[in-house]
Amino acid sequence: MPLVPPITALTPEAILDFGLYGSGKTEDHLSIAEVYRLTKTDGQFHILSTEFERVLASLEGHPDWQANTTLYEVEDWPTLLAASEIVTKTTRARCEERGWTALQSFDWVVLDVAGPVLRWSRDAWMQANKGVDSFRDFQAEGGQSTEIQSHEWMQMEREYLSWFNPTVLRFPGHRFVCAQADPIPAATDEKGRPNKWAPKETSTIKRVFGRGHKAAGYKELGAQMHTVLYKTNPSTGIYEVSTVKDRSGRQPLAHEPVAGPPFGFVKTYLQDVAGWGITE
């Protein structure tokens, strides 16, 4: 009785789940993997974990997780690239073996969380072009962000996208990205002066996230994913999900309590909103 997406789907899921620490983001994708095991769905989960042992701690509540989940603890740009190559090769081999297209694949890639990757890609560029180990070291030595030319910022962006596009965006299967929530700077400061860090009204950040909080990481991350969900934890053991944007025809959620385990996010979003079902 596998868990399957609706037959009307034209692309795999691409979900951005963002919120503050403790808002249940990791449990959301772990619940999908757990329901896969319960329903004997032939899918593998590849988790790229960018915060040391944070995902591993959550996995303690899922003792049989290794049956369909592989965890890659990555700590910098080189380890991320090495793990990503394994994920891509493994998944493409499974698709070829089973004759799956990306839409037919039951596999998932999970990035938990997105923020550090953008920093690592900038650090890699700094090492290659500025002779320092990181952007932070560049600043510690007196470097100013204004010294970096616009074309150099674009080069850093290309460095990041050269990883994100093939590894996540074009993954042959479903994609799930977790991100921390960052406050969106107000247009003016407390004295009414223009805030130079505030996003423009025409920016992706303003168009996708509006006001309040945005997903930490690459500025276009919200636009790249089909589904953007905001997670909150109003009280102990209670997690809520709200829709920031979604595919056409999917009912938006507003502070919807996430169902309890084991179905959790699967019940609340994949089944009740996205139209997934368990077939005989």
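Select D112 and T26: their side chains make a polar contact at 2.7 Å. Bear in mind that this is a predicted model. D112 sits in strand β5, residues 108-112.

Which side chain of opposite charge is nearest to D112? Select K25, which is 6.5 Å away. A salt bridge needs a side-chain nitrogen within 4 Å of a carboxyl oxygen, so D112 has none, although D112 is buried.

Now show what D112 touches beyond four places in sequence: T26, H29, L48, S49, T50, E51, V55 and C178.

**From E51 to R54**

Stay on E51, one of those contacts. E51 is buried at 16% relative accessible area, while R54 is partly exposed at 43%.

**Along helix α3**

Move to helix α3, residues 77-98. Select K89 and E85. They are four residues apart, about one turn of the helix. Their salt bridge has its closest N and O atoms 3.1 Å apart. K89 is exposed at 55% relative accessibility; E85 is partly exposed at 44%.

Next, select R98 and E97. Their side chains meet in a salt bridge at 3.7 Å, N to O. E97 is exposed at 63%, and R98 is partly exposed at 32%.

To finish, display every salt bridge in the model; the count is 13.

Notes
Residues numbered from 1 in each chain as written. Predicted model: local features only at pLDDT ≥ 70, side-chain atom pairs only at ≥ 80, totals over all residues. Heavy atoms only, no water. Helix = DSSP H or I, 4+ residues; strand = E, 2+ residues; numbered from the N terminus. Buried < 20%, exposed > 50% of the residue type's maximum accessible area, 1.4 Å probe, protein only. Lys, Arg positive; Asp, Glu negative; His and termini not counted. Polar contact = N/O pair within 3.5 Å; in protein donor to acceptor, adjacent residues only side chain to side chain. Contact = heavy atoms within 4.5 Å.
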